[in-house]
Amino acid sequence: MGICNVTPDSFSDGGRFVDLEQALAHAEAMIAAGADAIDVGGESTRPGAEPVAAATERERAVPVIAELVRRHPDLVVSVDTSKPAVAEAALAAGARIVNDVSAGRDPALLPLVARSGAAVVLMHMRGEPRTMQADTRYADVVAEVHAELRERAAAALAAGIPAELVMLDPGIGFGKDSQGNLRLLAALPDLAALGHPVVVGASRKRFIGALTGAEVGDRVPGSLAAVAAAVTLPRVLLRVHDVAETVQFLTVLTAVAGAA
């Protein structure tokens with residue numbers, strides 16, 4: 001899943017693809033590089049980010065989604081939003097996944113997704129982006145995160161979303177410290193054991209810089225290392241900035257595993 005942020009303030013690529021044609025060119029490059037899905041987001045969820053109005057988010061993201069669907073009818077397009085109004089417009093434009101960092105916190109979102117027949121990504125986050133890094137303490141980060149995701153998955157099922165369309169994301173970097181992120185990445189098989197597809201978004205995250213000293217633009221090797229174990233999961237979607245590098249890495253890694 002290639003990341004297409006149409007925001008002025010995302011942590012890695014904010015301001016680079018705010019223009020429609022810039023966003024489309026970026027998405028086209030990721031498709032050509034081997035992306036199976038494109039995730040379009042109109043609101044930054046970086047630590048400390050301020051929320052934006054639904055109308056602003058919709059105006060940023062929906063035209064990109066609509067044009068991508070027009071150009072590539074078979075492409076899986078995702079909308080990165082927690083707002084039902086934005087999700088509804090994106091689904092009407094052809095999006096097939098709602099990627100919600102709040103895991104369906106708004107009670108209108110999960111029934112909306114169920115009615116549409118789309119998939120949903122339920123991500124764990126403590127609080128909201130503006131405040132999520134204020135408290136990263138857990139008694140047991142893996143147990144707590146997985147328990148909360150299990151509860152949100154049950155809510156999605158109760159809303160009428162089929163189990164195979166409910167995807168779980170541990171929320172790397174969302175209300176966790178570096179050690180917590182590492183523990184959650186190591187415990188991905190346990191998350192997959194809950195019975196749902198897993199989404200991993202570790203690309204260029206701050207913990208990679210904390211471990212290695214690398215700046216945001218130099219974190220490709222660390223991003224690849226972070227998801228290396230995910231290739232063994234039964235159903236996994238990797239949300240990444242660097243599509244070509246990730247595709248090459250996974251192609252070789254899978255080939256080596258298959259030759260053993």
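This passage describes the overall form of a predicted protein model and then some of its residues. Residues are numbered from 1 along each chain as its sequence is written, and side-chain values use heavy atoms, with hydrogens and water left out. Because the model is predicted, local features need pLDDT of at least 70 and side-chain atom pairs count only at pLDDT 80 or more, while totals for chains, interfaces and linings use all residues.

The protein contains ten helices and eight strands (DSSP runs, H or I of at least four residues for helices and E of at least two for strands, numbered from the N terminus). Its radius of gyration is 17 Å, close to the 18 Å that the globule rule gives for 260 residues, so the protein is as compact as a globular protein of that length. The radius is taken over C-alpha atoms, and the rule is 2.2 Å times the number of residues to the power 0.38. Along the principal axes, the C-alpha atoms fill a box of roughly 40 × 40 × 35 Å. Of the 260 residues, 50% are buried (under 20% relative accessible area, with exposed over 50% and partly exposed in between; 1.4 Å probe, protein chains only).

N181 lies in helix α6, which spans residues 178-186. This residue counts as buried because its relative accessibility is 3%. Leaving aside neighbours within four places in sequence, N181 is in contact with I172, G173, K176 and F207, where contact means heavy atoms within 4.5 Å. V141 is 40 residues from N181 in sequence, and their C-alpha atoms are 8.8 Å apart in space.
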